[in-house]
Each structure stands twice: as structure tokens, then as C-alpha cells.
Amino acid sequence: MIPLQLGRMSPTETERMLAFDREHIWHPYAPIPATVPVYPVVSADGVRLTLADGTELIDGMSSWWAAVHGYNHPRLNAAVTAQLGKMAHVMFGGITHPAAVRLAETLVGLTPEPLTKIFFADSGSVAVEVAIKMTLQYWRSQGRPERHRLLTIRGGYHGDTFGDMAVCDPVNGMHHIFNDVLARHVFAPSPPLGYSAAPDQAYLDELSALAAAHAHELAGIIVEPIVQGAGGMRFYAPEYLRALREIADEHGLLLVLDEIATGFGRTGELWGCDHAEVAPDIMCLGKALTGGYMTMAATLCTDRVAHVITSGEAGVLMHGPTYMANPLAAAVASASIELLLSRDWRDEVDTIEAILTSELSPAADLPGVADVRVLGAIGVIEAREPVDVQAVQDVAMDHGVWLRPFGKLIYAMPPYVCTEDETTHIAAAMTAIAESL
Ligand SMILES: *Cc1c(COP(=O)(O)O)cnc(C)c1O
């Protein structure tokens with residue numbers, strides 16, 4: 001048996017744990033047995049992860065966009081503990097509870113005004129599945145099942161389940177493995193790179209033409225607003241999002257915005273869609289929703305979407321996960337949002353943006369670097385060639401920083417509570433990686 005450790009582990013215990021892990025446990029996008037090591041984290045506090053041997057690392061990843069307040073936060077811990085004393089979970093079929101209602105009130109109040117109905121999902125991928133299902137049911141309910149395809153842009157990432165994979169980028173996503181079983185959607189090219197880039201009329205015309213050509217079979221449009229995350233860490237100008245809203249309105253399509261990565265201030269606005277001052281018909285939230293404490297996501301929709309679905313033949317939204325609206329997750333999500341709004345998160349994100357911009361910019365001149373870009377609390381160095389993950393991770397570890405590059409991308413999205421010094425440290429580790437290429 002592996003002892004349940006609260007602090008450090010002996011080298012023998014650590015090696016035994018890692019040996020079992022290597023042979024038996026899947027990690028994200030990894031083979032078994034593992035070909036590269038995983039690092040044993042035994043605790044985390046503030047913005048630091050502690051390894052089994054006592055090494056501390058500044059977390060540059062916020063556990064994949066989620067841990068915006070850092071780890072082991074007293075207020076978030078207290079929210080979980082208080083809820084735990086009442087009930088850890090209860091089914092949501094035929095039952096409701098205060099933690100869910102309180103969170104729903106908060107999210108309906110905080111998201112763009114037209115979004116009034118909320119579905120609690122148990123992961124981001126499921127929230128996107130629900131959004132797709134809502135979009136398809138919306139048309140089926142109106143007797144128009146032929147409107148069953150989605151328009152999206154290349155370079156997107158929306159999750160790992162089959163419905164979601166079908167709208168992920170067809171090249172860097174998983175289409176090549178599952179091509180024969182994925183739904184066939186309509187892909188526009190990625191918008192030109194650059195938050196501040198002047199709108200490209202030829203691209204806008206291409207988008208409009210594609211939508212018009214397929215309008216008879218389209219149900220909706222799904223994109224990540226402003227920042228495309230795991231599909232390539234690309235930023236695009238708000239003008240393109242406004243154009244998608246107009247195209248959706250022109251053809252009666254539902255606009256689905258996947259804010260799972262961009263939500264809760266990461267891009268410098270509370271929601272990615274705030275940059276363009278547009279509201280979606282359906283919005284997906286996840287990742288930072290619980291401050292990185294637990295898995296929970298949500299899909300919000302307008303009165304109209306809910307009304308049409310409910311008045312259709314099925315009469316109900318056909319979805320209901322076992323752990324729907326889990327009370328522990330809902331309680332910590334409410335506490336996380338309260339904490340976020342109680343602090344000057346905009347100033348924190350702006351400060352991170354300023355530091356990443358000034359510290360990363362010089363890397364643009366390095367021979368192995370194709371591009372450097374920063375938006376909000378997101379910093380990206382794009383290499384010319386795919387990086388050797390193990391080699392570059394070692395460089396980051398030498399700098400006392402946890403980073404997890406993929407493909408050509410060396411990127412960070414630090415917890416908002418990083419001090420200026422800690423953010424500078426993360427940028428220094430990224431620059432050292434770029435120098436090592
Ligand atoms: C991470 C992510 C998802 C999937 O969320 P999971 O909780 O990992 O299932 C979906 N969409 C976007 C934009 C994401 O960044």
C-alpha cells in the first residue's frame with residue numbers, strides 16, 4: 001500500500017508510488033507505460049506546489065486555467081468544510097438545494113443579461129455537449145431536424161468527448177483518429193492572429209459566404225471568444241466575434257460561446273465576450289468556476305432557447321448527470337466568485353499582463369521563437385518547431401517554476417494572486433526555455 005502522505009515522502013516511498021503510476025495510471029494524452037516522468041506533488045499552498053522531496057515550484061499553469069486564487073485558500077477551504085458538514089452530495093433529479101440555487105443566482109446575475117437559464121454539468125466537456133444538445137434540440141423542437149450542423153473556426157478546442165471533438169480543430173485535434181465516427185461540421189479558417197489586428201475584410205467576407213452557403217443545414221455557431229486555448233493559444237480581434245454575432249442573427253443561428261478557459265477574468269475582462277460587447281445565446285463555463293477546487297461546469301442559455309426546447313416534442317432537455325450541481329462544488333464555486341469580486345482582479349490581471357509583456361517580449365528575437373503574445377493573464381511563446389516536453393520542463397524546474405508546454409507552445413496562465421516577483425520568475429523560466437531551443 002502507498003501511505004497517504006501529508007508532507008514529504010521518503011525516496012523509497014516516492015519511487016514505489018511512481019512505479020505503480022507509470023504502469024497502471026493514464027495521464028492526459030499519455031501512453032502506458034509512461035515514456036516521460038510525472039512529478040509527485042504532495043501539497044500545494046498559495047501559488048506553490050510542493051514535491052515529495054520538498055522542492056517548491058511556482059505554478060505557472062493555475063492547474064490548467066482553474067486555480068486563479070492559488071491553492072489551500074482559507075476562504076475556499078472554509079466553504080468546502082461548511083458544506084461538507086451539511087451534505088457532500090444529493091441527487092438533483094426531483095431535489096434542489098441552497099448551494100445550487102445560490103450559485104445559479106450569482107451566475108445568472110453575472111453573465112450577459114439575456115442568459116437566464118442554467119444547466120450544471122460535471123465537467124467542461126459535458127457542458128459543451130449540453131450546449132450542442134441544446135442547439136440541436138432547439139431546431140428539432142421546431143420541426144427542423146435538418147438544421148443539425150455547427151459552424152466553427154479552425155484552431156478551436158472544446159473538450160474531449162465525441163460531440164466536442166467534432167468541433168475541435170480538425171488538424172491538431174483528434175479528427176484523424178476518429179474521422180469515421182465524428183459528426184461533420186462546417187469549419188471556417190482561424191481568424192487572423194492578434195487581439196489588436198485591424199479587421200481583415202476578405203476574412204469577414206469568407207465567414208459570411210460560408211455561413212450563407214450552409215445556412216439551410218446550420219443550427220448554430222460555436223467558438224471560444226477572443227482566445228482559442230488548447231487548440232493553439234491564439235488571440236483574435238473582437239471585431240470577428242461581433243461579426244459572428246451578426247452572422248448568427250442574419251440566419252437565425254444560435255451563437256454558442258465556450259468561455260470555459262476565458263471566463264472569470266483571465267483575458268482582462270470578466271468574460272471573453274465582454275471585449276466585443278456581444279451576448280451569446282448559449283454560454284459554457286468551467287475551469288476557474290470552482291477556483292480549481294472541484295470539477296463543475298455550467299451551460300447557460302436564453303429564455304428563448306429554453307422555451308423552444310421545452311415546447312418541442314421531447315418537452316425536456318435530455319441530459320442529467322449523476323453528480324449534477326454537486327453541493328460541495330457549488331459551495332466552493334460561490335465562495336470563489338465572491339472572493340474574485342471582492343478583490344481588484346482586474347488590476348491583478350492587468351499587472352500580470354504588463355509584466356509578461358515586458359519580460360517576454362525580448363524572446364521574440366531568439367532564433368527558435370516564431371511569436372510572443374500576451375493577453376490578460378496569459379503569456380505565450382510560440383516556438384518554430386515542436387518542443388521536447390521533457391527537456392523544456394527540466395529548464396523550468398531548474399528555475400523553480402511549473403510549466404507544461406505542448407506542441408510549439410510554451411505558455412503560462414498564472415494564478416491572479418501571483419506577486420510581481422513570482423510573475424517575473426515565471427516569465428524568466430519561459431525565456432530560459434526559449435533560449436534553450
Ligand atoms: C478545458 C476546456 C474544455 C473541457 O473542459 P474539461 O473540464 O477538461 O472537460 C472545453 N472547452 C474549453 C475552451 C476548454 O478550455
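## Contacts and overall fold

Of the contacts in the protein chain that join residues at least 6 apart in sequence, 70% link residues at least 24 apart. The model is predicted. Its protein chain contains 14 helices and 16 strands.

The radius of gyration of the protein chain is 22 Å, which agrees with the value near 22 Å for a compact globule of 437 residues. Along the principal axes, the C-alpha atoms fill a box of roughly 65 × 55 × 45 Å.

Buried residues make up 52% of the 437 in the protein chain. The chain exposes about 18,600 Å², and carbon and sulfur atoms supply 57% of that area.

## Aromatic pairs

A pair of aromatic rings is described by the distance of the centres and the angle of the planes. The count comes to six aromatic pairs. One of them joins tyrosine 39 and tryptophan 402: the ring centres are 5.8 Å apart and the planes stand at 75 degrees, so the pair is edge-to-face. Tyrosine 39 lies in the loop between α1 (11-24) and β1 (41-45), while tryptophan 402 belongs to strand β15 (residues 401-402), so the pair ties together parts 363 residues apart in sequence. Tyrosine 39 is partly exposed, at 22% relative accessible area.

Phenylalanine 406 and tyrosine 411 also form an edge-to-face pair, with 5.4 Å from centre to centre and 85 degrees between the planes. Phenylalanine 406 is partly exposed, with a relative accessible area of 29%, whereas tyrosine 411, at 5% relative accessibility, counts as buried.

Methods: Residues numbered from 1 in each chain as written. Predicted model: local features only at pLDDT ≥ 70, side-chain atom pairs only at ≥ 80, totals over all residues. Heavy atoms only, no water. Helix = DSSP H or I, 4+ residues; strand = E, 2+ residues; numbered from the N terminus. Rg over C-alpha atoms; globule rule 2.2 N^0.38 Å. Buried < 20%, exposed > 50% of the residue type's maximum accessible area, 1.4 Å probe, protein only. Contact = heavy atoms within 4.5 Å. Areas by Shrake-Rupley, 256 points an atom, 1.4 Å probe, with all protein chains shown as cover. Phe/Tyr/Trp six-rings, centres within 6.5 Å; stacked < 30°, edge-to-face > 60°.
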